[in-house]
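User: I'm new to reading protein models. Could you walk me through one, feature by feature?

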Amino acid sequence: MENELEIKIDDEFAKKVYDEIWVEYEKTAQTKTFAKITLTENELKITDSKVMGLPYIPKGAQIPQTANGDKMMMIAQINCDDLQGLADFPEKGILQFFVLNDEDGLLGLDFDNQTVQDSFRVIYHEKIEEFYDENELKSIYNPYNFEESYITNDNESYKMNFELTSEKERFEDFFEDIFDEICEEKSLDPAQELKLYEKLQDLIDYSDDYHSQCEGFPYFTQEDPRKYEEKYQKYDTLLFQLDSEHDKTKGKWKVCIGDAGVINFFINREKLKNKDFSEILYNWDCS
């Protein structure tokens, strides 16, 4: 017996499936504590948490560079004092995120292997030691910069402020995770799945509450690279997310990743607990 004769994919059926998913969401969706980041225009110290700006570089240390010798650009720095209370994250020292701003406009992203830290680098300084001052950094910190940075206007720098809060998994993400399972349970064929998916999309009220953060649930303008790549699935924790942010009062972008996209760095939870940042999954996408 043909399946399409058994199940009619109409609005009534789609609403019934939607309600089933919502009940399951209310019962099982996770809630996570995370550090929400807001950006402000402050005078910045070398050791402050910041987007762009001058990095903390201990005396005698080198600016991160690629195997070809191209110096990377620091896109963010976190003074871990600001993360106190966030489980498993370091509470002291400085955590930095560097990328190569090259001609490809990919900000150091290698689609073939997003974990090789050649054109991006995550660096953790467990202790704050004697470091190069602003005048010294201006002469030694000259990252390779092809045209615009694609991060902030004119390489402006912003202070990152952190607030511990909690959030529930977004319904639309929960839906994406459970949809295939529901179609299998109902024995839907590919054509029925597509029709149901389209009808459900019309019913979902998508969230617009996205932000830069450490920990919590990541946001993507396209897809989670861990969804289809088994080798990436061990990177189970959102280490840092930098989202595009538009300042409506001033009519300008504070941060703009490509075409209003988002940058994510992921780490395995056990590696994070051990303060081992040698294995990182780096991703960014835009609409």
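User: How much of the protein counts as buried?

Analyst: Keep in mind that this is a predicted model. A residue is called buried when its relative accessible area is under 20%. Here, 46% of the 287 residues count as buried. The accessible surface comes to about 15000 Å², and carbon and sulfur atoms hold 44% of that.

User: And how many helices and strands are there?

Analyst: You'll find six helices and 12 strands. The C-alpha trace spans about 75 × 40 × 40 Å along its principal axes.

User: Let's pick a strand. How many residues of β8 are buried?

Analyst: Strand β8 runs over residues 237-243, and seven of its seven residues are buried, so by the under 20% cut-off this strand is mostly covered.

User: In which sense do β8 and β11 pair?

Analyst: Antiparallel: β8 and β11 (residues 262-267) pair that way over six bridges. To see one on screen, look for leucine 242, whose bridge partner in β11 is isoleucine 263.

User: What about side chains in a strand?

Analyst: In a regular strand, side chains alternate between the two faces of the sheet.

User: Is glutamine 96 buried or exposed?

Analyst: Buried, because its relative accessibility is 1%.

User: Which side chains make polar contacts with the side chain of glutamine 96?

Analyst: One is glutamine 77, at 2.8 Å. The side chain of histidine 125 also makes a polar contact with glutamine 96, again of 2.8 Å. Leaving out residues up to four places away in sequence, glutamine 96 touches several others, including Pro55, Tyr56, Met74 and Arg121.

User: Now the backbone. What should I look for in phi?

Analyst: Most residues other than glycine have a negative phi. Glutamate 215 has a phi near 70°, and alanine 260 has one near 55°.

User: Where do glutamate 215 and alanine 260 lie?

Analyst: Glutamate 215 is in the loop between β7 (212-214) and β8. Alanine 260 is in the loop between β10 (252-255) and β11.

User: Which class of accessibility does each one get?

Analyst: Glutamate 215 counts as buried because its relative accessibility is 8%. Alanine 260, at 27%, counts as partly exposed.

User: Last one: how far apart are the mean positions of the positive and negative charges?

Analyst: They are 6 Å apart, with 32 positive and 66 negative charges in the protein.

Methods: Residues numbered from 1 in each chain as written. Predicted model: local features only at pLDDT ≥ 70, side-chain atom pairs only at ≥ 80, totals over all residues. Heavy atoms only, no water. Buried < 20%, exposed > 50% of the residue type's maximum accessible area, 1.4 Å probe, protein only. Helix = DSSP H or I, 4+ residues; strand = E, 2+ residues; numbered from the N terminus. Pairing = 2+ DSSP bridges. Areas by Shrake-Rupley, 256 points an atom, 1.4 Å probe, with all protein chains shown as cover. Lys, Arg positive; Asp, Glu negative; His and termini not counted. Charge placed at Lys NZ, Arg CZ, Asp CG, Glu CD. Polar contact = N/O pair within 3.5 Å; in protein donor to acceptor, adjacent residues only side chain to side chain. Contact = heavy atoms within 4.5 Å.
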